Amino acid sequence: MSGEEFVSLSLTPLLIGIFAAVACALPGNFLVLRKQALIGDAISHVVLPGIVVAFLLTGMIATWPMMLGAAGAAILAVILIESVRRLGRIEPGAAMGVVFTTMFAGGVLLLEQTDTSTVHLDVEHALYGNLESLIWLDATGWASLLDPQALAGLPAELPRMALTMCVVILFTWALWRPLKISTFDEGYARTIGIRTNLLGLMLVMMAAIAAVAAFDAVGSIIVIAMFICPPAAARMMTNRLERQVAWSVAFAVASAVSGYVLAGYGPLWLGAQDAVSAAGMIATMSGIILALAALFGPCRTRTGAPGQA
Amino acid sequence: MLWEALTLQLGYNATLVAIGATLLGLSAGVTGTFLFLRKRALVSDAISHATLPGVCIAFMVMVALGGEGRNLIGLLIGSALSAWVGLLCMNWLTRRTRLAEDAAIGAILSVFFGFGVVLLTVIQTMGVGRQAGLEGFLLGSTAGMLWADAMVIAFGGAATLALVMLIRRPMMLVAFDPEYAAARGLPVARIDLAMMGLVMAVTVVGLKIVGLILIVALLIIPPVTARFWTERSDRVVLIGGLAGGLAGYLGAALSASAPNLPTGPIIVLVSFAFFAVSLLLAPVRGVLAAVLRHARFQRRVHMRQGLLALAQGQTIYEPLTLRLLRRAGLVRADGVPTDKGKARAAKALRDEKRWELVRADQAHEATAALYDGLRDIETVLTRDQIEEIDRRIGGPQGVTA
């Protein structure tokens with residue numbers, strides 16, 4: 001494949017996929033260690049009602065209202081889960097299940113009730129995203145990377161996703177010590193004056209921001225897969241948090257690249273005509289990486305813990 | 001229109017859907033209760049998402065064999081197989097690696113679903129004209145439900161229900177106390193797997209009506225709803241089943257009564273309405289009951305503190321205390337105690353002194369443990385015992401100058 005074709009057709013989706021994967025995998029590390037992995041699942045379900053409500057209020061498919069709607073829905077979901085858990089004294093898993101399924105059902109109902117036939121807004125899009133369609137039409141080759149006119153035609157998702165990734169990296173870097181301490185020993189963190197509740201909320205918010213931004217570009221599946229699979233695989237590789245985060249980023253990038261390439265070219269190698277869903281393939285690849293790590297990773301078992309926990 | 005729907009007079013298809021949804025809700029509510037009490041409610045999320053690759057593979061196999069590809073039984077068998085594989089993978093991840101169950105659930109859910117989406121796009125490009133039905137499994141589609149489909153759902157639901165009833169006792173034991181169950185010699189791992197197998201059966205049966213994303217709601221919400229109303233596990237199962245069945249029936253009827261009301265989401269929302277009502281109004285665990293309980297407690301504390309203050313001749317500034325005392329006719333509007341107020345205050349102070357002696361006395365240790373500052377001493381001691389304590393306090397004495 002020539003550079004010209006690569007830059008205009010594959011470079012941007014590939015980069016967006018990588019940025020999204022890294023932005024989700026970083027907070028995912030802490031969520032997995034804190035046994036809150038399914039928050040990502042809940043958030044990615046409630047994104048649908050959020051964007052539908054945003055569409056109903058503004059009457060158009062624009063990026064910012066939809067992002068705001070999705071973020072609002074994510075915050076609402078976190079508040080609802082917490083209040084259902086406390087008011088009803090229900091275990092967190094069930095509280096989560098009650099809230100996100102209901103909100104998702106509400107989203108589907110609203111979607112059916114409104115006339116969205118003229119716009120591109122449906123459940124499938126919310127689930128799979130459309131990574132393949134984020135092409136850079138103005139590019140003519142590698143030289144376009146230095147051409148301001150062509151750069152202006154970049155899909156808006158690319159800078160947005162890059163910005164999100166930077167924010168997430170900055171957040172992780174700035175709050176590294178408190179995050180690390182409160183994740184492993186919440187009691188100790190509180191005694192040395194870290195406000196663990198606030199920190200936990202900030203972590204969930206950061207996950208929500210990453211989820212909402214990534215969802216817009218790549219759909220919900222990648223979001224859930226990237227929150228959990230790369231950090232989980234990284235957990236099998238090392239006992240040190242620093243290395244775990246590094247591994248998870250490497251795994252996230254590896255699944256994004258291999259998934260995208262396999263989805264685009266894999267079917268051609270097998271003699272089929274058309275590409276398959278890149279989002280689905282990236283999720284699948286992250287699962288394969290996790291499976292390999294679970295089978296061969298050096299730190300895959302619970303050391304010192306009984307076989308059954 | 002709604003009434004006709006509720007009495008099953010909206011035509012053949014609506015009736016089929018209503019019967020199927022009721023049975024599905026019933027068996028999902030009953031099965032989900034065990035899952036909820038075992039604190040593994042979200043396992044159902046992994047199981048339901050793991051059905052998608054199976055549906056797609058079954059479709060492709062049936063097309064490859066020259067069939068029509070949309071045979072419901074074939075698709076359901078495929079979905080059951082892949083859900084079972086997902087379940088085993090999840091169990092393996094939790095048991096053999098250091099991952100916690102929530103991470104395993106999320107990993108299985110996203111990876112299997114992602115793979116299913118890949119297969120869906122493969123099917124779309126296969127060029128088979130009649131593949132459109134498969135997306136219906138995501139959110140359920142009841143529009144084209146056939147008699148045979150309804151029979152599959154009804155039979156599957158009933159069979160699941162029967163199986164649950166058969167092994168309900170060991171499942172309940174494991175749900176409440178797995179260590180004790182293991183000590184009794186029960187095969188805990190196998191019972192857990194059986195529980196998950198039943199959940200999988202419900203999921204598979206529900207694919208057609210509510211779809212794989214929302215079936216989780218039918219497994220979780222009715223049991224949570226039922227838990228508000230009772231502390232007995234057998235009744236939770238019963239109420240969970242009823243709530244689920246009713247939600248299925250009402251939801252199906254509502255969705256048939258107007259256009260653009262998809263069955264699956266409506267059933268989930270009806271179910272949630274039951275949950276919300278229970279959360280607010282349930283007698284002991286409900287929010288309203290808790291608020292009332294708190295208000296009653298608050299009134300008793302204020303009353304007692306007010307009486308003690310009166311007895312010691314202190315001025316009361318607390319507005320709520322004053323209001324309560326005035327309403328009970330114990331103080332006048334200017335805060336001066338009435339005769340009745342003086343009597344009650346003296347009694348309160350004397351009771352406090354009695355309690356003080358009781359709490360200092362080793363012989364009354366068990367009684368002293370009941371002291372919470374509000375309990376009337378007459379409810380825990382006999383008249384003889386109180387007289388004995390009063391003797392120790394002694395009567396009023398004059399002051400020697």
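Colleague: Which residues of chain B does UniProt list as "transmembrane region"?

Modeller: The unreviewed UniProt entry lists 12–37, 49–66, 72–93, 105–126, 146–167, 236–254 and 266–292 of chain B under that name. The structure itself is a predicted model.

Colleague: What is the chain like over residues 105–126 of chain B, helix or strand?

Modeller: That stretch of chain B is 91% helix and 0% strand, with its end C-alpha atoms 31 Å apart.

Colleague: Other topic. How many residues does the contact take from chain A and chain B?

Modeller: It takes 54 residues from chain A and 49 residues from chain B. On the chain B side, the elements giving two or more residues are H5 (72–96), H6 (101–124), H7 (136–139), H11 (188–227) and H13 (263–281).

Colleague: Which of them gives the largest share?

Modeller: H6(B), with 15 residues.

Colleague: And how do the residues on that side divide into nonpolar, polar and charged?

Modeller: On the side of chain B that touches chain A, 35 are nonpolar, 7 polar and 7 charged.

Colleague: What about domains in chain B?

Modeller: The assignment gives domain 1 (2–280) and domain 2 (288–393). Their C-alpha centres lie 56 Å apart.

Colleague: What are the confidence scores?

Modeller: The model scores ipTM 0.90 and pTM 0.86. For chain B the mean pLDDT is 87, and 97% of its residues reach 70 or more.

Conventions: Residues numbered from 1 in each chain as written. Chains lettered and ligands numbered in written order. Predicted model: local features only at pLDDT ≥ 70, side-chain atom pairs only at ≥ 80, totals over all residues. Contact = placed C-beta atoms within 7 Å. Helix = DSSP H or I, 4+ residues; strand = E, 2+ residues; numbered from the N terminus. Nonpolar A, V, L, I, M, F, W, Y, C, P; charged D, E, K, R; others polar. pLDDT = per-residue confidence, 0-100. Domains from an automatic or database assignment. UniProt positions renumbered as here; feature names shortened; annotations may be inferred.
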